[in-house]
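Please keep the sequence and the structure open while reading.

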Amino acid sequence: MPVRTGRLVFGRAMALAALIAAVFFCAFLLLNSSSGYTVHALVSDAGQIVKGNEVQVGGVPVGSVDAVKLRDGGRSAELDLSINGDEAPLHQGTTATIRNPSLTSVAGRYVSLIPGPNSSPEIPDGADIPTADTTEIVDLDQLLNSLDPSTVADLSQVIHGSADAASGRGRQLAGAINALNPALSRSAAVLAQLDGDQHALQQLVVNGSQVVKTLAQHDSELTSGTSAASSALNAIAGRQQELSSALAEAPPTLQRAVPTLASVRGLLRRLDPALTEARPVVAGVSRLLPRLRPATNQLRAVLPQLRSVVSSPTPDDDATDLLRRLPQLADQGVPLLGDLTGVLGGARPLLAELRPYAPDFTGGIVAGFGGSSGGYYDANGEYARISFVGGPFSAAGLPKLSQGFGAVRNGAVERCPGAANYPALDHSNPFVDQGVTCQPDLGGSTP
């Protein structure tokens with residue numbers, strides 16, 4: 001019995017000692033945690049940070065602001081940041097930035113930390129983060145105060161114009177935002193692609209900075225463009241009914257245009273082989289076009305005159321008026337052409353009879369009516385042969401004047417073509433064509 005009592009007393013004593021040790025350990029932890037790890041962030045403007053605001057790393061709270069005090073005679077502010085958890089202690093190179101949830105928000109501001117690399121020396125407890133590593137917040141009024149009055153007025157017009165354009169269209173805007181959801185969801189893939197090509201992204205940023213510098217050099221033009229855009233938005237806002245009507249007509253118009261676009265697609269598909277074969281010609285056309293420029297300049301001077309010929313303000317003095325009268329002329333001319341066709345058909349046998357005498361007729365025109373003449377050449381030189389041709393009343397029945405003139409013929413009215421000259425050795429004259437009524441024996445005499 002006494003043994004059991006001794007063991008029981010010993011056990012109770014050990015339990016009491018363990019409880020006292022646990023109490024001291026918890027008190028130590030509480031006291032140690034109450035002291036914590038504190039750094040002083042020096043900023044030129046506290047940006048309405050107050051005691052109790054959060055300190056975050058990567059969006060995760062890791063501490064709070066214990067106090068906000070002036071420093072260096074009021075030229076800067078000191079933020080006492082109490083850091084707990086695994087982020088303590090911080091390392092040199094840590095930056096602090098005052099942020100807020102939105103540009104127009106005042107409440108809920110916090111201090112965002114970007115810890116320095118672990119390879120850097122630790123920042124001792126109670127040490128400072130210099131102003132070179134801190135960034136104060138930029139309020140909306142500060143941003144607006146940095147703009148000149150003209151830009152602020154233009155921005156105000158744009159905002160008011162946008163408000164007027166969006167007034168009463170909340171449902172349509174919600175539908176548009178809902179329709180944009182697939183495009184916005186794809187932005188993550190685009191950003192991942194950009195992150196995968198850092199060199200191209202760097203070149204884009206460099207080129208973008210050059211564009212921004214160029215735009216900064218043309219601030220007056222940008223101001224004019226902003227004013228013009230504001231005026232355009234106001235004009236569009238004043239045409240709400242017309243825009244609504246146009247948008248309502250757009251779906252039926254597009255629906256009617258679908259078959260036409262399908263036909264154009266088929267046409268383009270058929271034009272592909274022709275375009276492929278035309279590629280070698282393009283180089284020649286590129287060389288030809290500059291040479292056509294002088295002709296184009298001259299044509300440009302002629303076009304106004306041609307326009308006046310085609311259409312002029314006064315009546316009955318241009319081609320347009322002539323074309324208007326063509327139907328009346330056709331009503332009168334078509335019967336005349338029909339009669340003329342009949343006349344020509346009846347005259348066809350006569351024309352066929354006269355056609356072989358065309359050379360003789362031409363010779364009569366050239367050499368004179370009533371006779372013919374021609375030059376001939378032989379071993380004795382040049383001589384001329386002249387023959388007189390008369391009608392039934394010209395020299396019929398007259399006596400011979402001399403034996404040197406030869407015989408006078410009468411009644412020779414069926415002479416063959418070419419019979420006025422001596423017969424050629426190849427018998428090409430007189431010419432006796434089928435369908436020509438003539439007498440070959442009335443040809444010229446033998447020389």
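Ser224 has its place in helix H7, and in this predicted model the residue counts as partly exposed because its relative accessibility is 47%, a value that lies between the 20% and 50% cut-offs. Although Ser224 and Asp154 are 70 residues apart in sequence, their C-alpha atoms are 9.7 Å apart in space. The points below take up the helix pair first, then the sheet, and then the chain totals.

**Helices H3 and H7**

- Helix H3, which covers residues 149-166, and helix H7, which covers residues 219-237, have axes that come within 9 Å and cross at roughly 25°.
- Because angles under 35 degrees count as roughly parallel, H3 is described as roughly parallel to H7, and the crossing of the two helices is left-handed.
- On the H3 side the contact is made by Ser150, Asp154, Gln157, Val158 and Gly161, while H7 contributes Thr223, Thr226, Ser227, Ser230 and Asn234.

- An open sheet is formed by 8 strands, and reading across it gives the order S7-S1-S4-S3-S2-S6-S5-S8, with mixed pairing.
- The edges are taken by strand S7 (128-129) and strand S8 (134-135), each of which has a single partner strand, so one side of each is left without a neighbour in the sheet.

**Antiparallel pairs and their hairpins**

- Strand S3 (residues 60-71) pairs with S2 in the antiparallel sense over 4 bridges, and within this pair Glu54 stands opposite Ser64 in S3.
- The hairpin of S2 and S3 has 2 residues between the strands, and Gly58 in this hairpin takes a positive phi near 65°.
- Strand S4 (residues 76-83) pairs with S3, again in the antiparallel sense, over 8 bridges, and Ile83 in S4 is the bridge partner of Gly63.
- S3 and S4 also form a hairpin, here with 4 residues between them, and Asp72 in its turn has a positive phi of about 55°.
- Strand S5 (residues 95-99) and S6 are likewise antiparallel and are paired over 5 bridges, with Thr95 standing opposite Ile114 in S6.

**Parallel pairs**

- Strand S2 (residues 54-57) and strand S6 (residues 110-114) run parallel and are joined by 3 bridges, and Val57 stands opposite Leu113 in S6.
- S5 and S8 also run parallel, joined by 2 bridges, and in this pair Ala96 stands opposite Thr134 in S8.

**The chain as a whole**

- The protein chain has 10 helices and 10 strands, and buried residues make up 15% of its 447 residues.
- When contacts between residues at least 6 apart in sequence are considered, 57% of them join residues at least 24 apart.
- The chain exposes about 33,500 Å², of which carbon and sulfur atoms supply 63%.

Methods. Residues are numbered from 1 along each chain as its sequence is written. This is a predicted model: local features need pLDDT of at least 70, side-chain atom pairs count only at pLDDT 80 or more; totals for chains, interfaces and linings use all residues. Side-chain values use heavy atoms; hydrogens and water are left out. Two strands pair if DSSP finds at least two bridges between them. Buried means under 20% relative accessible area, exposed over 50%, partly exposed in between (1.4 Å probe, protein chains only). Contact means heavy atoms within 4.5 Å. Accessible areas come from the Shrake-Rupley method with a 1.4 Å probe; for residues, only the protein chains shown count as cover. Axes are lines fitted to C-alpha atoms, for helices over the stretch in contact, and angles run from 0 to 180 degrees between N-to-C directions. Angles under 35 degrees count as roughly parallel, over 145 as roughly antiparallel, 65 to 115 as roughly perpendicular and the rest as oblique. A crossing is left-handed if the near helix is turned anticlockwise from the far one by less than a right angle, and right-handed if clockwise.
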